Amino acid sequence: VQLQASGGGSVHTGGSLGLSCRASGRDFSINDMAWHRQAPGQQRELVALITAVGTSNYAPSVEGRFTISRDNTKNTMDLQMTSLKPEDTAIYYCYAVIRYGDSPYGYENWGQGTLVTVSS
């Protein structure tokens, strides 16, 4: 399975951006999906996670500003980001736990990063 992220770009403080992630492959299902980010010189951190049934959780730093969603019929996940701040600047990574066929085991998959830059 491949995860393809799209979106991102550059905005000014207070602006909005959207990210999308699409999983493609054969004979798979998806458990949790999430967005992580990594700012220069910092460790990768979890931004938002959404379970297969739609339960979502957010990092305190983005709560109320970011919204994660998914479409299980299309194997896609979105992240709508509003009220963006310079500290949101980072490379954002799509993440999913994939099950293959009838296997009960999930495997972590990462997409390529997409850059979000917020300037003051």
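Analyst: The account below begins with the disulfide and then turns to strand pairing.

This is a predicted model, in which local features need pLDDT of at least 70 and side-chain atom pairs count only at pLDDT 80 or more, while totals for chains, interfaces and linings use all residues. Residues are numbered from 1 along each chain as its sequence is written, and side-chain values use heavy atoms, with hydrogens and water left out.

The structure holds 1 disulfide, a term that denotes a pair of cysteine sulfur atoms within 2.5 Å. Its partners are C21 and C94, with an S to S distance of 1.7 Å. Because the torsion about their S-S bond is about -65°, the disulfide is left-handed. The pair links distant parts of the chain, 73 residues apart: C21 lies in strand β3 (residues 17–24) and C94 in strand β9 (residues 90–100). Strands here are DSSP runs of E with at least two residues, numbered from the N terminus. C21 counts as buried at 1% relative accessibility, and C94 is buried at 0% relative accessible area; buried means under 20% relative accessible area, computed with a 1.4 Å probe on protein chains only.

Strand β9 also takes part in pairing, which requires that DSSP find at least two bridges between two strands. β9 and β10 run antiparallel and are joined by 8 bridges, with I98 opposite Y107 in β10. These two strands form a hairpin with 6 residues between them, and G101 in the turn has a positive phi of about 55°. Strand β10 (residues 107–119) is in turn joined by 4 bridges to strand β2 (residues 9–12), and β2 and β10 run parallel. There, G9 stands opposite V116 in β10.

Methods:
Buried means under 20% relative accessible area, exposed over 50%, partly exposed in between (1.4 Å probe, protein chains only).
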